[in-house]
Amino acid sequence: DIKVARIFNTYGPRIDLTDGRVVPNFIQQALAQQPLTIYGTGQQTRSFQYIDDLIEGIVRLMNSSYSGPVNIGNPNEFTMLELATKVLAMTGSDSEIEFLALPVDDPNRRRPDITLAKTLLGWEPQVSLDEGLVKTIDYYRSQVLGEVVAG
């Protein structure tokens, strides 16, 4: 039997800030007081799942009798501009938002259909974007700036 988890846009503490994903990029740029780079108008949407939700989804899939692919992701969508605004507000950064040319192959929308995960595994994400960003920003703030974060 095989299990296939189709993992969508995961973020959280300990992801390399320079790996090129949008959440770590925005956090790193905000903490460094650098412009947050958005490609295109920022109206393209993405969905983001916190690492704890991903792990729970994979554990449930591995413990199930289902063989086949299952989408593990968060279906709640946010525009890139909304994400940038959240990160700026949560970090207290004075960074500007810089708009760059949209790459030709950049999709307008990325949103997983998690119906199968909900039905077969009884799984759906529990951590909101705001809650996950707080934890992630606190971690990177302590790592990058050496600040002690209460919590």
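Tyr39 sits in strand S3 (residues 36-39), where a strand is a DSSP run of E with at least two residues, numbered from the N terminus. This is a predicted model, in which local features need pLDDT of at least 70, side-chain atom pairs count only at pLDDT 80 or more, and totals for chains, interfaces and linings use all residues. Residues are numbered from 1 along each chain as its sequence is written, and side-chain values use heavy atoms, with hydrogens and water left out.

**Exercise 1.** Decide whether Tyr39 is buried, partly exposed or exposed.

*Solution.* Start with the cut-offs: buried means under 20% relative accessible area, exposed over 50%, and partly exposed in between (1.4 Å probe, protein chains only). Next, take the value for Tyr39, which is 39%. Tyr39 therefore counts as partly exposed.

**Exercise 2.** Work out how enclosed H1 is.

*Solution.* First, locate helix H1 at 22-31; a helix is a DSSP run of H or I with at least four residues. Then list its buried residues: Val22, Val23, Pro24, Phe26, Ile27, Gln29, Ala30 and Leu31. Eight of the ten residues of H1 are buried, so the rest of the structure largely encloses this helix.

**Exercise 3.** Sort the lining of the largest pocket by residue class.

*Solution.* Begin with the classes: Ala, Val, Leu, Ile, Met, Phe, Trp, Tyr, Cys and Pro are nonpolar, Asp, Glu, Lys and Arg charged, and the others, Gly among them, polar. The lining then divides into six nonpolar, five polar and four charged residues. Finally, look at the contributors: H1 and S3 each supply at least two lining residues.
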